[in-house]
Amino acid sequence: MNFENDKNAFKPIKSPVILDFTNCKHIGEIHKIIKKEFDLPQYYGENLDALWDSLDCYCRENLLVQIVGLNTLSKEMMEYMEEILDVFECHFTYSHTFSL
């Protein structure tokens, strides 16, 4: 069976994962970038809990994650980004599968 076009099928994640958040104005934009670059399934919930669950489920190999554009975010967006970075950092501590 070919799962290549199945939006809900797991696909191996290619390293490095580059997350470019330049000029993101909304939390939804951040999650759409994460969803696209990690090639997460269509049903990704676009919130911090869903991010943790997705990293736990789909990030089984060693990955390098590069994050760019943080200096372009508003104060409010940077506060949310700090929560996302905490999720990434906790996931690394827990699983040792990727680094920032």
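## Chain layout

Helices (H or I, at least four residues) and strands (E, at least two) are DSSP runs, numbered from the N terminus. The protein chain has three helices and three strands. Along the sequence they follow the pattern β-α-α-β-α-β.

This is a predicted model: local features need pLDDT of at least 70, side-chain atom pairs count only at pLDDT 80 or more, and totals for chains, interfaces and linings use all residues. Residues are numbered from 1 along each chain as its sequence is written, and side-chain values use heavy atoms, leaving out hydrogens and water.

Of the 100 residues in the protein chain, 35% count as buried (under 20% relative accessible area, 1.4 Å probe, protein chains only). A nonpolar core joins buried Ala, Val, Leu, Ile, Met, Phe, Trp, Tyr and Cys residues through side-chain atoms within 4.5 Å. The largest such core has 27 residues. Leu19, Phe21, Ile30, Ile34, Phe38 and Ile84 touch the most other members. Helix 3 gives the largest share, seven residues.

Leu19 has contacts (heavy atoms within 4.5 Å) beyond its neighbours within four places in sequence, among them Ile33, Phe38, Val65 and Phe88.

## Helix 2 against helix 3

Helix 2 (residues 48-58) packs on helix 3 (residues 75-95) at an angle of about 25 degrees, with the axes 10 Å apart. Angles under 35 degrees count as roughly parallel, so helix 2 and helix 3 are roughly parallel to each other. Residues making the contact include Leu51, Trp52 and Leu55 of helix 2 and Ile84, Val87 and His91 of helix 3.

How values were computed: Axes are lines fitted to C-alpha atoms, for helices over the stretch in contact, and angles run from 0 to 180 degrees between N-to-C directions. Angles under 35 degrees count as roughly parallel, over 145 as roughly antiparallel, 65 to 115 as roughly perpendicular and the rest as oblique. Buried means under 20% relative accessible area, exposed over 50%, partly exposed in between (1.4 Å probe, protein chains only).
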